Amino acid sequence: MGLSYEERRQQRVDENKKRLEDLNLIHLSQSLKNLSPKSSPMKKVASKPRTVEKQMVEVRRSVRVASNPAPVYAEVNTTRLSFSSPRKSYGVMRGSAWNGVYATDEARSNVIDKAEKLVSKLEQEGHPTFIKPMLPSHVSGGFWLGLPRNFCRSNLPSTYTTLTLVDEEGDECPTIYLPRKTGLSGGWRGFAIDHKLSDGDAVVFQLISGSVMKTYIIRANDQEFSDD
């Protein structure tokens, strides 16, 4: 008769035990169980609180002031300046003939009207003409005068050149024309100061040749604004 299930199971268990004994694994397993992990002792370092010694040290002073009493530093209350009303003028720039007085809107309008009437007469001569109202930057500070871009492209040279300004008395003033910036740089300052240009004035420019422009000045402080 064949073996029962329990007998076959017991037979396999005995065979497995025999194999383990042949390989000496049973004793090895038992010895590993008997071993206990050794904990590595941690180094305990007693922390000592840091102590800072405070020493009074005399401040070294210069020989020149050693005999003087030590300075005392204390808070001082300062008064903040305030302006109750906005400033109307920033003053006159150095080297300017302008007195710092700004033209009124009415004066500017009257100047432009008079300049346009003059232009209508000058255009009959067939020369290119334009009006340039004066601003503080034109008559003080940097003294830079920008010209109408379309006028420059149509009538002035495209290279760095000298333009001569001729006033109504025939006096000439050479200025430097910068084509890339379409304006007058060097020389314009002298023209503005010599002719005492102010804010609100208008200058009528008339190109009478390739490098010469006649100028006509209309004053904002001129109270005689006639209609003729």
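**View 1. Strands S2 and S5 pair side by side in the antiparallel sense, over 2 bridges.** Strands here are DSSP runs of at least two residues and helices (H or I) runs of at least four, numbered from the N terminus. Two strands count as paired if DSSP finds at least two bridges between them. Look for Leu-145, whose bridge partner in S5 is Leu-184. This is a predicted model, in which local features need pLDDT of at least 70 and side-chain atom pairs pLDDT 80 or more, while totals for chains, interfaces and linings use all residues. Residues are numbered from 1 along each chain as its sequence is written, and side-chain values use heavy atoms, without hydrogens and water.

**View 2. The open sheet has 7 strands with mixed pairing.** Their order is S1-S6-S7-S3-S4-S5-S2. S1 (129-133) and S2 (145-146) stand at the edges with a single partner strand each, so one side of each lacks a neighbour in the sheet.

**View 3. Arg-108 and Asp-199 meet in a salt bridge, 2.6 Å from N to O.** Arg-108 sits in helix H3 (residues 105-122) and Asp-199 in the loop between helix H6 (188-194) and strand S6 (202-207), 91 residues apart. A salt bridge is a side-chain nitrogen of Lys or Arg within 4 Å of a carboxyl oxygen of Asp or Glu. Asp-199 is buried at 2% relative accessibility, whereas Arg-108 is partly exposed at 25%. Buried means under 20% relative accessible area, exposed over 50%, and partly exposed in between (1.4 Å probe, protein chains only).

**View 4. Asp-201 and Arg-219 form a salt bridge, with their closest N and O atoms 3.6 Å apart.** Asp-201 is in the loop between H6 and S6 and Arg-219 in the segment after strand S7 (212-218), so the pair ties together parts 18 residues apart in sequence.
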